[in-house]
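Subject: Handover of a structure

Hello,

I am passing a structure on to you, with the sequence alongside. Please open both before reading the notes below.

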Amino acid sequence: MTEDTSSPTPLTLLGTGAMGTALARAWLAAGHPVTVWNRTPARAEPLAAEGAAVAGSAAAAVAANKLVIACLLDDASVGEVLAGAELSGRDLVDLTTGTPGQGRARAAWATERGARFLDAGVMAVPPMVGDPASGAYVLYSGSSGLFEEHRDTLAVPAGVRYVGPDPGFAALHDVALLSAMDGMFAGITHAFALIRGEDIAPREFAPLLVSWLTAMAPAALDTADRLAGGDYTKDVVSGLAMQVAANATLLRTAEEQGVSTELLTPFMGLMERRLAAGHGAEDTTGVIELLLTGDAQGLSDKP
Ligand code: NDP
């Protein structure tokens, strides 16, 4: 996040839900003239009291400013809201969460209508927006010209990371990070289930979880190095053969504690299949190959 030292750019924000409202507040606080529109007008009223202009229609909001930001529920709602708007000459930034394919299709759709387009993935929850200490940032991909022209304005509510001209890349980065987070939450869920019912205070156990996960997270850097080098056995510390043997202890402990193993077994099954194919000296990097080839669904037995 940077302080916007340029003259404040007027902008339009479509969608004043939880995220849109947080974004609008950050721009208003930084002195940017903000025009908002929301399907349910009552949800935009608090922003009017804080200095935003409220447009009577999405088309009027788009007509008000060159820079148009959409922060709506999903890609379908973006299509609905912008259907009647004149987009020619506009710079459209879509902060609505979507898939890479939706980002690319929306970029082509906007380009056909004469607009420059930037797709975005918000790596923050609303309370983090506008707080420079929060670590909040937004991934952007698509028109580099749009990004460079509006970089300072975009950097007001959260940090900015441009990840390339392919308009699908912001969503791809966003979803890859969220998918990794899901795996982490699955692990945390299982860990708390294991100690539930024992004389272990969750609040005392939690800091151990946090420090352990933090210590293990840099393993992603080693995985990246192995993928780049092509040798999945290079500098492996915890080989697959050892890990699969250790998995038996994890499963047995779950059984002893009366906890379902359903969060653990999909990943463990893939590790066993990679080991059975003769890759015991690797770590889990080779499991990525199983996912890519469709082996995860048992469609083939290629290692
Ligand atoms: P909200 O549910 O609070 O708001 C959704 C917004 O979309 C509202 O303005 C709503 O209007 C509007 N909307 C929904 N459907 C339509 C439609 N068919 N036509 C017109 N407007 C529509 O969600 P958030 O503000 O939290 O999320 C907005 C985007 O930000 C989402 O894509 C979300 O994934 C993303 N995001 C949210 C995060 C969060 O923690 N909240 C974190 C990261 C990304 P109305 O008020 O009329 O219902």
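The notes below go from the overall layout to individual contacts, the ligand and the surface.

This is a predicted model, in which local features need pLDDT of at least 70 and side-chain atom pairs count only at pLDDT 80 or more, while totals for chains, interfaces and linings use all residues. Residues are numbered from 1 along each chain as its sequence is written, and side-chain values use heavy atoms, with hydrogens and water left out.

Overall layout

The C-alpha trace of the protein spans about 65 × 45 × 35 Å along its principal axes. The secondary structure comes to 12 helices and 8 strands; these are DSSP runs numbered from the N terminus, with helices being H or I of at least four residues and strands being E of at least two. The domain assignment gives domain 1 (11–171) and domain 2 (218–300); such bounds come from an automatic or database domain assignment. Between the C-alpha centres of domain 1 and domain 2 there are 40 Å. Of the 303 residues, 40% count as buried. Buried means under 20% relative accessible area, exposed means over 50%, and partly exposed is in between, with a 1.4 Å probe and protein chains only.

Salt bridges

A search of the whole structure finds 12 salt bridges. The term stands for a side-chain nitrogen of Lys or Arg within 4 Å of a carboxyl oxygen of Asp or Glu.

One of them joins the side chains of Arg-106 and Asp-75, at 3.0 Å from N to O. This pair links distant parts of the chain, with Arg-106 in helix α5 (residues 100–112) and Asp-75 in helix α4 (residues 75–82), 31 residues apart. Arg-106 is buried at a relative accessible area of 9%, and Asp-75 is buried at 15%.

Another salt bridge pairs Arg-151 with Glu-148, at 3.3 Å from N to O. Both belong to helix α6 (residues 144–154), and because they are 3 residues apart there, about one helical turn separates them. Arg-151 is partly exposed, with a relative accessible area of 34%, and Glu-148 is partly exposed as well, with 47%.

Asp-235 and Lys-234 also meet through their side chains in a salt bridge, at 3.4 Å from N to O. Asp-235 counts as exposed, at 58% relative accessibility. Elsewhere, salt bridges that share partners join Lys-66, Asp-91, Arg-116 and Glu-149 into one network.

The ligand

There are 22 residues around the ligand, and Met-19, Asn-38, Arg-39, Thr-40 and Thr-97 come nearest.

- Ala-18 has a backbone N or O atom 2.9 Å from an oxygen atom of the ligand.
- Asn-38 has a polar side-chain atom 2.6 Å from an oxygen atom of the ligand.
- Thr-97 has an N or O atom in its side chain 2.7 Å from an oxygen atom of the ligand.

On its own the ligand has 900 Å² of accessible area, and the protein covers 78% of that. Accessible areas come from the Shrake-Rupley method with a 1.4 Å probe; for residues, only the protein chains shown count as cover.

Around Thr-16

The backbone oxygen of Thr-16 lies 3.0 Å from a polar atom of the Thr-21 side chain. Thr-21 is found in helix α1 (residues 18–29) and is buried, with a relative accessible area of 14%. Thr-16 and Glu-45 are 29 residues apart in sequence and 9.5 Å apart in space, C-alpha to C-alpha. Glu-45 is found in helix α2 (residues 45–49) and is exposed, with a relative accessible area of 53%.

A nonpolar patch

Leu-178, Met-181, Met-184, Phe-185, Trp-212, Leu-213 and Met-216 form a nonpolar patch on the surface, with about 630 Å² of accessible area together. Patches are made of residues with over 30% relative accessible area and no salt bridge, where like charges are joined within 9 Å and nonpolar side chains (Val, Leu, Ile, Met, Phe, Trp, Tyr) within 5 Å. Helices α7 (169–195) and α8 (202–216) each supply at least two residues of the patch, and the largest share, 4 residues, comes from α7. Leu-178 is found in helix α7 and is partly exposed, with a relative accessible area of 33%.

Regards

Conventions: A residue is near a molecule or strand if one of its heavy atoms lies within 4 Å of it. A polar contact is a pair of N or O atoms within 3.5 Å; within protein, one must be able to donate a hydrogen and the other to accept it, and residues adjacent in sequence count only if both atoms are side-chain atoms.
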